[in-house]
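The following note is intended for a student who is reading this structure for the first time. Please keep the sequence and the model in view while working through the numbered points.

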Amino acid sequence: MQPHKTVATPHASYKPSFRQRVVKDFRRNAMIYLMLLPVIAFYGVFHYGPMYGIQMAFKNFSAGLGIAGSPWVGFEHFQNFFSSFFFERIIVNTVLLGLYDLIFVFPASIILALLLNEVRSRIFKRTVQSITYLPHFISIVVVIGMMVDFLSMDGLINQLIRFFGGEPLSFLRLPEWFRFLYTSSAVWQGVGWGSIIYLAAIANIDPSLYEAARVDGAGRLRQVLSITIPSIMPTIIILFILRIGSLMALQDEKILLMYNPMTYETADVIGTYVYRKGVLEASYSFSAAVGLFNSLINFALLFSANYMSKRFSDTKLM
Amino acid sequence: MNYTKPWSERMFDLSNIFFLIALSVVTLYPFVYVLFASISESSAFVQHRGILLWPKGFSLASYKMVFQNPNIVTSYINTIFYVLVGTTLNLIMTALGAYGLSRRNVMWGTTIMILIVLTMFFDGGLIPKYILMLNLGLLDSRWALILPSAMTTWNLIIMRTSFQAIPPALEESARIDGANDFSILMRVIVPLSMPVIAVMVLFYGVWHWNKWFDALLYLRNRDLFPLQLILREILIQNNTDSMMTGVGGGDRMPVAETIKYATIMVATLPILFLYPFLQKYFVKGVMIGAIKE
């Protein structure tokens with residue numbers, strides 16, 4: 001842009017300045033901005049407010065001094081966390097539960113969608129769908145509540161174990177059972193719901209592909225392997241990438257309901273550790289640092305997942 | 001087509017059907033068991049072992065206990081309050097946001113949207129959120145369950161996508177009549193968006209009904225507790241005190257068992273009644289969410 005060296009007056013210029021455009025925009029869209037004001041205020045306070053509070057991870061926060069007034073301590077809390085006895089345990093638990101989810105919960109929905117697609121009777125298919133979607137809407141407190149009840153020493157499962165002559169187990173107090181119970185209950189609650197998107201992808205497949213395959217003598221298995229699965233592959237890849245993005249974003253609330261000091265060994269993850277340290281023990285700055293560490297990892301994973309999904313296809317989260 | 005299925009295919013079909021029936025049974029049976037147990041005679045139920053194929057006797061005594069329990073009744077009313085007020089606020093906020101951010105020619109629209117979507121990627125974390133609530137003086141108040149949950153970004157995206165799909169021509173005549181943006185939203189956009197609004201009501205409503213963790217974090221006063229927090233005490237912490245208020249001596253043990261199940265039923269029935277609508281609209285919602293962009 002050339003600066004105006006000549007005697008050109010501002011109102012004579014054809015391109016309005018930034019300031020003019022802002023003013024004009026605010027005049028024309030005043031009502032829209034007024035309507036957006038509560039939304040902006042909400043995000044400002046309840047989403048960007050906590051981001052301002054992140055600085056306490058680098059401070060020794062005390063409620064009396066406030067966030068801004070508390071003294072800086074640099075990376076002390078991070079160093080304490082990395083060298084703490086629990087660091088390895090909660091990282092291993094967090095990653096393992098995330099991986100179990102990826103390995104068992106993720107494919108379960110794909111398999112269910114493929115199996116449902118092979119059902120000829122529409123009524124039967126609809127019924128199975130209705131039933132398997134249901135647990136998605138049940139609160140996690142009720143799901144874990146039922147689990148606690150069925151798995152208690154005197155509960156349904158142990159009654160059956162006794163009936164068949166086995167030794168009853170106190171499942172929820174045994175660390176070796178935690179990962180299995182966390183993952184299998186996630187399958188139970190989510191498998192049907194997760195299959196919706198694959199069923200929709202399958203429904204979009206061009207039927208003439210199947211006809212052509214049949215003419216060529218392909219059996220049902222061949223059709224599934226050569227048409228159905230390749231056709232829904234883009235959907236699978238995108239959802240897989242997104243799942244990697246949330247690999248370490250576990251269902252902390254569910255773990256809080258399920259675990260107890262006897263199973264911390266396999267059940268304690270970053271999120272639950274932050275809750276105990278911060279809310280129960282009031283080590284605000286330390287647990288804010290642990291939480292920030294977790295948020296940064298999640299951000300990095302999600303960001304790279306989003307980037308990858310953009311490269312693989314046009315679909316992205318943002 | 002005159003085509004006889006090979007033996008292997010028939011075997012597959014049969015085992016597929018069998019597997020799907022087994023999956024349905026495994027999914028549904030816990031609820032059936034809870035239902036049967038809740039309406040059983042408590043003394044007969046306690047003596048029973050193994051799976052229930054039918055209620056043991058019939059008694060609504062445990063339901064009576066549930067409705068006489070002040071903890072459950074208070075928290076039930078609280079939850080209804082949180083669902084009604086929360087969802088109303090959610091709809092207003094989401095509609096305002098979705099309208100403003102779906103308009104073209106709004107200079108700062110894209111910037112605002114980017115700043116909003118950014119919060120899906122990165123958030124301040126549990127502790128800074130908790131300190132914020134402390135500083136705002138919202139701890140131990142009903143607003144602690146309403147204000148931080150005033151809207152969700154995911155639902156904003158769904159509603160915005162749906163608003164963007166409405167042809168601009170439809171609002172032209174209203175604009176010529178001199179209507180401002182707010183009345184265009186109320187008189188043109190909202191009436192055309194009833195399906196997505198239904199999706200939002202259900203999304204937000206179920207969310208508020210099932211939410212418990214915010215209450216655990218922000219509330220100490222038991223009079224404000226939502227149902228899910230009381231459920232947690234009864235079902236998971238096995239806190240019989242909160243369950244047995246108002247039950248006399250000798251009945252305590254057997255009734256304790258069936259009360260649990262009646263509590264689960266009472267807490268889940270609204271969801272089960274809504275389920276046919278939930279299923280229909282949620283599936284739509286998932287699809288809108290999935291095909292954005």
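1. Chain B and chain A bury about 8300 Å² between them in this predicted model. Carbon and sulfur atoms account for 77% of that area. On the side of chain B, the residues that lose the most area to chain A are B:Phe121, B:Phe122 and B:Ile127, which together give 9% of what that side buries.

2. How many residues does each chain bring to the contact? Chain B contributes 99 residues and chain A contributes 86 residues.

3. Polar and charged pairs also cross this interface. There are 18 residue pairs in polar contact between chain B and chain A, both residues being at pLDDT 80 or more. Three salt bridges are counted between the two chains. A salt bridge joins A:Asp149 to B:Lys260, with the closest N and O atoms 3.3 Å apart.

4. Which helix supplies the largest share of the side of chain B that touches chain A? Helix H1 (residues 7–38) of chain B does, with 18 residues. By class, the side of chain B that touches chain A holds 67 nonpolar, 18 polar and 14 charged residues.

5. Within chain B, the domain assignment gives domain 1 (7–67 + 247–290) and domain 2 (69–223). The C-alpha centres of these two domains of chain B are 32 Å apart. Their contact takes 16 residues from domain 1 of chain B and 15 residues from domain 2 of chain B.

6. About 1300 Å² is buried between domain 1 and domain 2 of chain B, with carbon and sulfur atoms giving 81% of it. Zero salt bridges are found across this domain interface, whereas four residue pairs are in polar contact there, both residues being at pLDDT 80 or more. On the side of domain 1 of chain B that touches domain 2 of chain B, helix H3 (61–68) and helix H15 (252–290) each supply at least two residues. H15(B) gives the most to that side, with 13 residues. The residues of that side comprise 13 nonpolar, three polar and no charged.

7. Two packed helices are described by the angle between their axes and the distance between the axes. Helix H4 (residues 70–102) and helix H13 (residues 227–236) of chain B pack at about 145°, and their axes are 7 Å apart. H4(B) makes the contact through B:Asn71, B:Ile72, B:Ser75, B:Tyr76 and B:Thr79, and H13(B) through B:Leu227, B:Ile230 and B:Ile234. These contact residues of H4(B) and H13(B) include five nonpolar, three polar and no charged.

Terms used:
Residues are numbered from 1 along each chain as its sequence is written. Chains are lettered from A and ligands numbered from 1 in the order in which they are written. This is a predicted model: local features need pLDDT of at least 70, side-chain atom pairs count only at pLDDT 80 or more; totals for chains, interfaces and linings use all residues. Side-chain values use heavy atoms; hydrogens and water are left out. Axes are lines fitted to C-alpha atoms, for helices over the stretch in contact, and angles run from 0 to 180 degrees between N-to-C directions. Helices (H or I, at least four residues) and strands (E, at least two) are DSSP runs, numbered from the N terminus. Contact means heavy atoms within 4.5 Å. Ala, Val, Leu, Ile, Met, Phe, Trp, Tyr, Cys and Pro count as nonpolar, Asp, Glu, Lys and Arg as charged, and the others, Gly among them, as polar. Buried area is the accessible area (1.4 Å probe) that two parts lose on being put together, summed over both. A salt bridge is a side-chain nitrogen of Lys or Arg within 4 Å of a carboxyl oxygen of Asp or Glu. A polar contact is a pair of N or O atoms within 3.5 Å; within protein, one must be able to donate a hydrogen and the other to accept it, and residues adjacent in sequence count only if both atoms are side-chain atoms. Domain bounds come from an automatic or database domain assignment.
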